[in-house]
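Student: Could we go through this model together, piece by piece? I'd like to ask things as they come up.

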Amino acid sequence: MAFNDRNFRGNSGGFRSNSGPREMTKVTCSDCGVETEVPFKPTEGRPVYCRECLPNHRKF
């Protein structure tokens with residue numbers, strides 16, 4: 001099987017392994033202003049939403 005085969009399921013696939021709790025970052029929701037935590041470091045200049053406001057901004 002080739003390394004770049006789509007069916008390859010090695011640890012290098014970009015998926016996070018279960019290495020313990022995620023590092024959470026405190027942020028303020030861009031919509032409602034509530035303080036919340038997200039499991040990533042937000043990019044400066046981009047909006048961040050709380051769990052309640054996020055579905056209003058999904059584009060599917």
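Student: Is Ser30 buried, exposed or partly exposed?
Tutor: This is a predicted model, and in it Ser30 counts as partly exposed because its relative accessibility is 42%.

Student: Where is Ser30 in the fold, and which residues does Ser30 touch?
Tutor: Ser30 belongs to the loop between β1 and β2. Leaving aside residues up to four places away in sequence, Ser30 touches Pro47, Val48 and Tyr49.

Student: What do β1 and β2 form, and how many residues sit between them?
Tutor: The two strands form a hairpin with six residues between them, and within the turn Gly33 has a positive phi of about 85 degrees. The pairing of β1 with strand β2, which covers residues 35-38, is in the antiparallel sense and runs over four bridges.

Student: Which residues are partners there? Say, for Thr28 and for Val27?
Tutor: For Thr28, the bridge partner in β2 is Glu35, while Val27 stands opposite Thr36 in β2.

Student: And Lys26, buried or exposed?
Tutor: Lys26 lies in strand β1 and counts as exposed, because its relative accessibility is 59%. Not counting residues up to four places away in sequence, Lys26 touches Glu35, Thr36 and Glu37. For Lys26 and Thr36, which are 10 residues apart along the chain, the C-alpha separation is 5.7 Å.

Student: OK, zooming out: how many helices and strands does the protein have?
Tutor: The secondary structure comes to zero helices and two strands.

Student: Now the cysteines. How many disulfides are counted?
Tutor: The count comes to zero disulfides, by the rule that the two sulfur atoms must be within 2.5 Å. Cys32 is in no disulfide, and the nearest cysteine sulfur, that of Cys29, is 3.7 Å away.

Student: How do Cys32 and Cys53 come out, buried or partly exposed?
Tutor: Cys53 is buried, because its relative accessible area of 10% falls under 20%. Cys32 counts as partly exposed, with a relative accessibility of 47%.

Student: Switching to pockets: how much space is in the largest one, and what lines it?
Tutor: About 330 Å³ of space lies in the largest pocket. Its lining is made up of 16 residues, and those that lie nearest its centre are Val38, Pro39, Phe40, Tyr49 and Leu54.

Student: How does that lining divide into nonpolar, polar and charged?
Tutor: The lining of the largest pocket divides into 11 nonpolar residues, two polar and three charged.

Student: Pro39 makes me think of Arg22. How far apart are Arg22 and Pro39?
Tutor: Arg22 and Pro39 are 6.2 Å apart in space, C-alpha to C-alpha, and 17 residues apart in sequence. Arg22 itself is found in the segment before β1, the strand of residues 25-28, and it counts as partly exposed, with a relative accessibility of 49%.

Student: Last one, Glu52: where is Glu52, and is it buried or exposed?
Tutor: Glu52 has its place in the segment after β2, and Glu52 is exposed because its relative accessible area, 61%, is over 50%. The C-alpha atoms of Glu52 and Asp31 are separated by 9.8 Å, with the two residues 21 residues apart along the chain.

Key
Residues numbered from 1 in each chain as written. Predicted model: local features only at pLDDT ≥ 70, side-chain atom pairs only at ≥ 80, totals over all residues. Heavy atoms only, no water. Buried < 20%, exposed > 50% of the residue type's maximum accessible area, 1.4 Å probe, protein only. 1 Å grid on protein atoms, 1.4 Å probe; cavity = no way out; pocket = protein on both sides within 12 Å on 5 of 7 lines; lining within 4 Å. Points joined across faces, edges and corners; volume = space filled by probe spheres on them. Nonpolar A, V, L, I, M, F, W, Y, C, P; charged D, E, K, R; others polar. Pairing = 2+ DSSP bridges. Contact = heavy atoms within 4.5 Å.
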